[in-house]
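Reader: I would like to learn how to read this model feature by feature. Please keep it brisk.
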Amino acid sequence: MPDFVTVEYGATGASKSTNDMGMRAMQSRAFDARNSQYLLIKSPPASGKSRALMFLGLDKLANQGIKKIIVAVPERSIGNSFRSTNLTEHGFFADWTVSPQNNLCDLIGGEGGKINAFIRFMQSEDEIIVCTHSTLRHAFDRIMSDGQGISAFHHCALAIDEFHHVSADADNRLGELIRAVMNEGSAHLIAMTGSYFRGDQVPVLRPEDEEKFTRVTYTYYEQLSGYEHLRTLGIGYHFYHGNYLTAIGEVLDPTKKTIIHIPNVNSQAAMGDKIKEMNGILDVLGDVIEIDEVTGFQLLRTHGGNILKIADLVTPDTQQKVLSGLRDVEKKDDLDIVIALGMAKEGFDWIWCEHALTIGYRGSLTEVVQIIGRATRDAPGKNHAQFTNLIAEPDTADDLVRTAVNDMLKAIACSLLMEQVLAPNFNFRTRPSDDRFDGVARPATRIDLLDAEPTIEITGLKEPTSKRAVEIIQTDMTDLMAAVLQDSQVLRASLIPDEFPAETINQHLIPDLIARRYPDIAENEDDVEAIRQNVVARRAVLAQLTQASRQEGLPASEDGDATDGQKAHAQLLKLTSKFVTMPELSIDLIDQVNPFQQSYEILSKALGESVLRRIHQTIAETKITISEAEALAQVPRIRAFKEQHGRDPNINSANPIEKRMAEAHAWIRAAAIRRQREQAA
């Protein structure tokens with residue numbers, strides 16, 4: 001099955017080149033904002049966030065009156081990215097040094113010992129510590145309860161990696177910790193994340209806190225286009241019936257360096273025993289012949305006779321030894337495959353990984369982007385990266401189809417997000433009016449590809465009125481698009497176009513979501529409208545450009561005289577000089593475009609008509625209003641209808657009697673599913 005999306009990049013080497021202080025492009029951009037007390041760095045995997053933090057932290061220690069740097073990561077394996085690093089040999093003024101007793105991610109023992117080590121650090125003259133989010137939370141609670149209070153963090157700089165783990169929700173302990181540190185007044189905060197968007201759509205920070213941050217944004221497209229070796233990325237969704245082990249061999253190439261993420265034990269795709277699933281994958285690959293005593297890696301002989309080194313991060317008994325072995329992986333031949341459950345996602349750094357194979361649906365779009373990031377590291381000889389999602393195709397005969405369909409919608413949202421995240425950012429501005437009345441035809445909308453970010457002029461585009469709205473448009477659009485694409489109301493409306501015209505999505509549902517997401521501007525109708533127009537314009541323009549390039553099937557560049565800037569931005573969308581101008585665009589026309597349509601059509605190619613019809617029907621079922629008594633009274637009529645016509649009544653039927661029977665049938669089916677879940681619980 002071909003990939004749904006194939007992206008080609010420029011391979012310019014720009015994102016990996018360094019300046020005279022040893023800083024890459026993103027790191028230099030972050031260092032320019034080093035004097036900010038609160039700094040938010042939004043940058044994709046492998047762009048160098050960990051080293052950027054080292055540059056920033058050392059400057060704060062030397063020049064900004066900060067006494068301690070506290071680095072917190074979501075899991076122990078990520079702590080390796082912040083180990084001691086020689087920076088002076090590349091031109092910086094100091095080295096990043098973490099003493100062994102202060103690298104709590106490597107410290108052996110339980111949480112209690114790490115908490116004691118953290119408190120010892122706070123009472124010592126040591127300057128740098130690395131720990132997990134969990135250790136930081138528990139140590140903070142201890143410090144607060146012991147009477148030291150928030151003053152213990154006076155003149156400290158707190159660096160939070162994968163900052164999207166924070167939440168504005170009052171029950172989020174990390175979020176409360178961040179707010180307490182910010183209220184202390186003297187502490188600095190460096191927040192780092194690949195996506196400033198949470199899958200549960202709860203804001204990461206409260207608006208009043210978010211306004212205090214200086215933002216540094218480095219896009220996925222800038223990162224990948226600036227690599228030396230990686231040129232293309234493929235994104236594919238493959239579907240199976242029944243047990244995924246019967247289909248995994250079709251998408252798992254043992255010659256590719258691969259990370260396999262098996263499904264969560266509570267997901268529909270899981271088989272009930274994670275160890276058996278892991279062993280089942282090994283059986284598909286070949287036979288395990290021994291286990292390396294040093295690394296814990298399993299040595300497996302494939303059916304073709306080759307020997308593979310496999311890191312098992314699923315089995316609890318050997319997990320710590322394998323994690324230790326992974327820290328020493330440097331050469332391409334050191335490792336072939338990683339099999340993981342909840343690990344090896346954000347922050348996991350194995351540059352040789354070519355294929356991220358994920359089994360089961362992922363409801364969090366942030367998680368999907370993080371997983372893709374495992375394969376999009378640049379490495380010599382690696383010119384293609386692949387993300388594959390192996391997911392169950394809903395069976396229309398299955399009573400649990402509702403769950404499968406809901407998960408299918410998540411997959412559709414993921415496919416939408418991929419094109420948004422991986423595309424070059426476009427700047428949008430209002431096209432100047434033409435009042436010449438000289439009979440000369442107005443030129444088509446112009447796309448300027450010479451700038452770092454292409455600029456598109458659109459007639460009638462509203463300008464934001466506040467600094468806050470400008471900031472959202474400049475730095476938050478990818479994350480806002482993720483929120484739009486995952487919103488349940490937008491999903492439902494997008495998939496029932498006969499009942500919900502595009503204008504309903506664009507002019508009502510999207511502005512409502514913007515107001516909920518940014519309550520600090522919700523009362524400013526002009527700003528909400530300006531942000532809304534940017535959301536729909538970005539999606540519609542990208543869809544139009546991509547569709548045009550696919551129809552033409554053109555190479556990346558036909559014009560031998562094209563500038564490097566034109567070529568770089570032409571890579572993804574296969575644009576040539578003939579696409580530098582487009583037909584006249586106006587916001588009124590863009591509002592008539594369904595923002596889901598293109599990706600929905602792409603995904604539709606992989607699904608049968610019956611599945612797509614079932615998706616539509618299930619969405620429609622969510623609006624049914626019927627009493628239990630009426631539904632049960634319809635049962636004899638439903639049976640008679642099926643005997644006569646050989647099918648179930650159609651919920652989209654023009655016949656009101658048949659439609660009502662179908663609604664009753666859907667209600668009964670949903671009630672049966674609820675009973676099954678209650679019994680299972």
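Author: Start with burial. Buried means under 20% relative accessible area, exposed means over 50%, and partly exposed lies in between (1.4 Å probe, protein chains only). The model is predicted: local features need pLDDT of at least 70, side-chain atom pairs count only at pLDDT 80 or more, and totals for chains, interfaces and linings use all residues. Residues are numbered from 1 along each chain as its sequence is written, and side-chain values use heavy atoms, with hydrogens and water left out.

Reader: What percentage of the residues of the chain count as buried?
Author: The figure is 56% of the 681 residues.

Reader: How many helices and strands are in the chain?
Author: Both are DSSP runs, numbered from the N terminus: helices are H or I with at least four residues, strands are E with at least two. The chain has 24 helices and 19 strands.

Reader: Now the sheet. What is the order of the six strands in the open sheet?
Author: Two strands pair if DSSP finds at least two bridges between them. The order is β4-β3-β5-β6-β2-β7, with parallel pairing. At the edges are β4 (128-132) and β7 (214-217), each pairing on one side only. From one strand to the next, the twist averages 15°. For angles, axes are lines fitted to C-alpha atoms, for helices over the stretch in contact; angles run from 0 to 180 degrees between N-to-C directions.

Reader: Which strands does helix α2 touch?
Author: Contact means heavy atoms within 4.5 Å. Helix α2 (residues 49-63) packs on the sheet and touches β2, β3 (68-73), β4, β5 and β6. The direction of α2 makes about 170° with that of β6. Helix α4 also packs on the sheet, touching β3, β4 and β5. The direction of α4 makes about 105° with that of β4.

Reader: Is strand β11 enclosed or open, and why?
Author: Count its buried residues. Four of the five residues of β11 (residues 298-302) are buried, so the strand is largely enclosed by the rest of the structure. Five bridges join β11 to β10 (residues 286-291), and the two run antiparallel. Here I291 stands opposite Q298. Four bridges join β11 to β12 (residues 307-312), again antiparallel. The β11-β12 hairpin has four residues between its strands, and G305 in the turn has a positive phi of about 100°.

Reader: Next, charges. How many salt bridges are there?
Author: Side chains of opposite charge can pair when their charged atoms come close. The rule is a side-chain nitrogen of Lys or Arg within 4 Å of a carboxyl oxygen of Asp or Glu. By that rule there are 16. One of them joins D336 to K257, with the closest N and O atoms 2.7 Å apart. This pair links distant parts of the chain, 79 residues apart. D336 is buried at 13% relative accessible area, and K257 is buried at 7%.

Reader: Which residue forms a salt bridge with E663?
Author: The partner is R660, at 2.7 Å, N to O. Both lie in helix α24 (residues 656-680), three residues apart, about one turn of the helix. E663 is buried, with a relative accessible area of 15%. R660 is partly exposed, at 25%.

Reader: Which residues are linked in a network of salt bridges?
Author: R468, E471 and D520. Within it, D520 and R468 meet at 2.8 Å, N to O. D520 is partly exposed at 29% relative accessible area, whereas R468 counts as buried at 10%.
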